[in-house]
Amino acid sequence: MEPRIGVFVCHCGTNIAGVVDVNRVVEAAARWPDVVHAVEYKFMCSDPGQGLVKDAIVKHDLSRVVVAACSPRMHEPTFRKACAMAGLNPYLFEMANIREHCSWVHEDKEAATLKAIDIVRAAVAKARLLEPLQTRFVPVTQKVLVVGGGVAGIQAALDIANAGTKVVMVERAQSIGGHMAQLDKTFPTLDCSACILTPKMVQVAQHPNIELMTYSEVESVDGFVGNFTVKIRRKARYVDEAVCTACGVCIEKCPKKVPSEFDEGMMPRKAIYRSFPQAVPGRPVIDKESCTYFKNGKCKICEIFCEPKAIRWDDQDQVVEEKVGAILVATGMGLIDPHGLSQWGYGRYPNVLTGLEFERLNNATGPTGGRIVLKDGSTPKSVAILHCIGSRDRNHKEYCSRVCCMYALKFAHLIKEKTHATVYNFYIDMRCFGKGYEEFYNRLLHEGVKFVRGKAAFVTDQAANDDEKGKLVVSAESTTLGEVLRVPVDMVILASAVAPQKDAEAVARQFGMGLSPDGFFMEKHPKLEPFSTATDGVFLAGACQSPKDIPDTVAHGAAAASTALSLISRGTVEVESATAEVLTDFCSGCKVCQDVCPYGAISFHEDTKLAEVNASVCKGCGTCVATCPSGAIVGRHFNDRQILAQIDAAFLWE
Amino acid sequence: MSHYATPMMEVPDMIVESGGRTLDLCFQCGTCSGTCPWNLVRDFRVRDILTRAQLGLEGYEGEDLWMCATCNACVDRCPQGVEIVDLVRTIRMLIAETGAAPKTLRAVLGSVQSNGNPWSGDRNARMAWVKDQPVRTFDGTHEYAYFTCCTQAYDPRNAKVVRAAVRVLDAGGVSYGFVGGSEACCGDAVRKTGAETNFQNLAAHNVGLLNGLGVKHLLVPSPHCLNTFRKEYPELGGKWQVTHVVELLADLVMSGRLALKNAVPLKTIYHDPCYLGRNNGIYDAPRDVLRAVPGLELMEFGHTREEAVCCGGGGGRLWMETPVEERFAVLKLREAQARGADAVVTACPYCISMFEDAKTALGLDQLQVLDVVEVVAAAL
Amino acid sequence: MSNAFEPRIVVLCCNWCTYAGADLAGTSRMKYAPNVRLVRVMCSGRIDPAFVLRAFQDGADGVLIAGCHPGDCHYINGNLKTMRRYPALETMVQQFGIEPHRLRLEWISAAEGDRFVEVVNEMTEQVRALGPLAWKQRSAVADLSGSPHAG
């Protein structure tokens with residue numbers, strides 16, 4: 001029986017119709033063989049648009065549907081569902097991308113229209129040869145892996161665990177808490193970061209549904225949506241968690257000091273340590289790299305003082321395996337390497353600090369107990385906060401880091417409050433867009449903080465006059481005045497850019513995610529699915545996707561959690577139907593396919609001397625299909641006939 | 001009379017069409033103004049020119065336009081990648097077409113047109129600096145062709161540098177010959193003043209000459225020649241390898257082919273020429289050479305390397321009047337003196353000229369101005 | 001439209017990287033030559049040399065094969081199979097008398113909309129400079145010259 005094809009051309013408002021003459025596309029399509037129905041509509045993805053497809057399937061007895069609209073990566077699932085609802089096998093649907101690949105990238109209307117016709121013709125050619133496939137489901141493992149124990153991961157883990165689903169949380173550092181734990185106050189409400197975060201950290205540790213693995217890293221990820229197998233390396237802690245009472249005597253007695261990562265290297269920690277006093281878990285670990293005993297076989301002072309006898313010198317890294325249905329990546333952000341910021345004096349002048357260094361300086365648990373002082377211990381009389389250092393700068397990071405304007409305001413407030421120093425902000429634009437943010441900016445104006453609309457060009461200690469002697473001098477143009485200022489100050493704080501984590505690329509690879517051009521993890525859709533990734537079942541939360549402040553991070557974490565939960569509670573998941581299949585009549589038993597399959601999905605039967613594809617393991621990449629010298633493997637939904645038909649129809653060749 | 005200003009979009013359109021494609025990227029952060037060394041001595045706001053040009057408001061074409069010494073410090077720091085020096089050049093070009101270029105520049109450009117050099121020097125006297133020193137002329141078999149900078153050829157002070165170069169290169173056993181009297185100005189400063197046609201004529205002449213001679217590898221004493229030959233000539237047909245003398249010296253000294261035996265007991269302070277440092281990233285070669293000179297002490301200015309302050313001689317400023325108190329070279333000599341230096345050492349004919357002028361103006365007889373090449377010659 | 005030669009280029013690309021990269025070029029409203037038609041497969045490892053030959057046979061003036069960067073394959077390493085297959089394909093195509101610039105292999109990630117644009121524009125110009133391939137006619141001429149009726 002000849003196929004009966006329906007072609008639906010979308011205007012997408014003016015997105016397509018503004019460039020492509022959709023009526024000409026419809027007229028062309030109507031003339032092609034087997035096309036029995038061709039129409040255009042303003043928004044095909046809308047409810048009435050989908051209704052058009054459903055009605056036409058019934059009314060015109062369509063056996064194939066082609067929708068010419070946006071990218072299949074956007075709306076293929078939408079229209080497949082619509083077809084299924086009208087009783088048509090969803091694999092008998094084909095999408096023609098005339099928006100991303102045509103109307104949005106061309107200006108010449110004639111050329112774009114001709115190209116759109118070609119694209120639809122190729123889709124129709126493929127549709128003609130489509131075959132129905134069986135939709136297959138497998139059960140979803142009722143557990144979620146959360147990678148990263150910052151506030152995004154914490155929020156997500158608690159939401160999931162509170163819904164009754166098991167969570168495994170993996171954190172690289174000794175404690176959970178992330179960057180938020182390093183902060184003293186949070187903008188714009190100025191509530192104490194520890195006061196709002198530590199209770200959540202404790203909840204994570206005590207939650208019956210959460211298994212917390214700190215000082216651990218994900219080593220490998222296998223499997224697919226609903227059925228991931230994850231290997232986690234639990235680094236040797238050399239402290240028995242079951243025995244240790246977290247009394248902290250060992251830390252007190254340990255003679256070895258190294259710079260504390262948590263304190264941005266501004267104060268030391270011991271070789272046996274917890275990241276900070278409120279660390280969760282509170283039980284310390286021994287950092288093997290710094291420990292004197294591991295270095296030269298002598299010391300063991302911690303062991304001598306440990307009353308419960310919790311030190312285990314023979315502890316080993318352990319690799320544990322977890323089966324999970326979904327993975328939530330919440331690995332957070334890094335910071336730009338400030339050593340590339342030498343024109344603003346970082347690394348050259350001791351009283352030039354990064355934002356996070358100032359956070360620690362200002363923190364009650366930090367190197368000065370929260371006193372804002374210069375390196376010589378004196379109180380600054382004037383402080384300059386330089387905005388956009390490394391952000392909005394093509395020499396460094398092109399994007400806006402999104403948190404700096406607000407933390408700069410917070411810093412200005414805290415400096416005023418604690419030191420009464422004069423505070424200058426040098427900014428390009430004040431971006432105070434959140435709830436209560438603009439109000440906070442206004443509050444700072446009331447507090448007498450000075451704002452100069454101009455980016456700091458450089459910081460120098462080369463005095464041009466007596467007033468500048470012994471000071472750091474900030475040079476910037478007040479662009480509102482058109483005057484170049486030189487402002488002598490005692491302390492300079494760089495609102496330094498947020499950056500992707502240094503190992504973002506490797507982590508992206510590990511979880512099958514992509515990186516956006518800015519180096520952060522790429523979401524599936526920037527607006528509608530900012531918490532999903534290209535890999536089904538792998539979700540994103542927090543600043544690993546883009547710079548975010550705490551409210552946005554928490555919201556993102558909760559959103560990712562609910563998306564992961566909807567997968568978990570669905571209970572089953574549809575798996576690839578477009579798998580490979582061996583045509584036994586043609587198989588010569590050469591085993592080449594077995595070698596090229598990245599998933600080991602092809603087995604060879606010694607008795608029949610034939611290859612066989614395990615459909616539940618096959619991901620449908622088609623590499624075996626292209627490799628088979630006998631043409632004995634068919635790639636469902638992308639078979640040779642379908643692809644060749646598409647190539648034949650790619651252009652009007654004559 | 002109203003004080004409202006009305007944008008004239010023909011202005012930015014014309015600038016963009018004439019090659020100033022990055023004009024519209026400026027988002028008025030003021031980094032350029034805050035960076036520009038002119039503010040050390042006078043009011044000058046690069047951003048003001050750019051904003052006015054973006055909107056086509058009066059003032060972008062004013063006298064300030066001719067102040068820029070093209071030192072590139074603002075371009076290096078611009079967060080938006082605005083090619084400010086190119087924009088200044090483009091706007092100058094458009095203004096020059098209307099005949100509104102400064103008078104002093106017109107004389108210089110006239111000389112370039114008729115003599116092939118900006119110094120009103122006789123075209124036939126380009127090799128007069130040789131005096132009685134024997135020099136080789138490039139014959140196609142030499143590894144390097146030495147392209148003399150006009151300023152070395154015609155300015156008596158800089159002629160001493162090229163004569164020192166001959167002694168040094170000969171001592172190092174370098175295979176080279178001088179391009180000689182037919183060469184014309186590289187055209188860097190000419191182009192930067194907006195005289196695009198003049199530049200194209202000079203470039204066409206030099207490309208024809210050097211390609212005709214079979215030059216493969218150019219040796220240049222001026223960072224301005226270096227920058228122009230390296231970055232601007234290739235698209236005009238001049239595709240040679242280009243090396244600055246100081247790079248070759250570093251190579252000779254480091255590899256031991258040039259032995260520096262004599263002590264030169266000077267406290268020197270090195271000035272980074274903008275076109276050598278910021279524009280071509282050559283910071284270490286001159287310092288390596290100076291450190292290899294026995295008995296010599298090397299000091300640094302407060303702002304150095306990427307952040308070095310210009311001598312004030314680029315972009316045609318060499319030929320324009322600057323009041324003594326507004327000369328960067330004056331500021332730098334004062335700083336050198338305050339730091340206790342005996343000699344300011346550099347590697348650019350323009351810098352040498354600017355510093356010598358400043359030295360005379362300040363009457364600083366005891367402070368020497370030297371090229372790296374001269375220091376090396378003294379150490380042979 | 002003028003009668004000037006407009007190259008026809010078939011792009012065989014993977015779903016996850018290059019197709020998505022082309023999508024990104026679209027969402028970023030970048031502009032490029034309208035001379036390409038994309039044929040999507042799930043992985044560049046699926047691209048059979050026969051597809052390339054078929055495109056040339058149909059009348060394509062150029063064929064671009066594009067997939068994920070090595071190491072970034074959605075299917076672990078399908079693109080490495082493509083990479084290994086490519087030199088042989090290149091040789092074969094050249095033996096058929098097709099100029100090297102008409103066939104190209106590129107790795108373009110989902111984040112590289114700009115790279116997609118660059119490659120398409122560059123290849124369009126290269127192929128434009130080469131002129132029409134008209135492989136069918138060329139091979140037809142070749143056939144004729146070998147037949148007894150020739151000359």
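How much area is buried between chain C and chain A, and what share of it do carbon and sulfur atoms give? In this predicted model, the area buried between the two chains is about 4400 Å², with 60% coming from carbon and sulfur atoms. Three arginines stand out on the chain C side: C:R37, C:R40 and C:R46 supply 17% of the area that chain C buries against chain A, more than any other three residues. The contact draws on 52 residues of chain C and 49 residues of chain A.

Six salt bridges are found between chain C and chain A, and C:R46 and A:D640 meet through their side chains in a salt bridge at 2.7 Å, N to O. Among the elements giving two or more residues to the chain C side are strand 1 (9–14) and helix 3 (78–95) of chain C, while helix 1 of chain C gives the most, with seven residues. By class, this side of chain C has 29 nonpolar, 10 polar and 13 charged residues.

Turning to chain A and chain B, the contact takes 22 residues from chain A and 24 residues from chain B. Together they bury about 1800 Å², 45% of it on carbon and sulfur atoms. Within chain A, the residues losing the most area to chain B are A:R394, A:Q462 and A:E477, together 27% of what that side buries. Two salt bridges are found across this interface, and the side chains of A:R348 and B:E307 form a salt bridge at 3.1 Å, N to O.

Technical notes: Residues numbered from 1 in each chain as written. Chains lettered and ligands numbered in written order. Predicted model: local features only at pLDDT ≥ 70, side-chain atom pairs only at ≥ 80, totals over all residues. Heavy atoms only, no water. Contact = heavy atoms within 4.5 Å. Buried area = accessible area lost by both parts, 1.4 Å probe. Salt bridge = Lys/Arg side-chain N within 4 Å of Asp/Glu carboxyl O. Helix = DSSP H or I, 4+ residues; strand = E, 2+ residues; numbered from the N terminus. Nonpolar A, V, L, I, M, F, W, Y, C, P; charged D, E, K, R; others polar.
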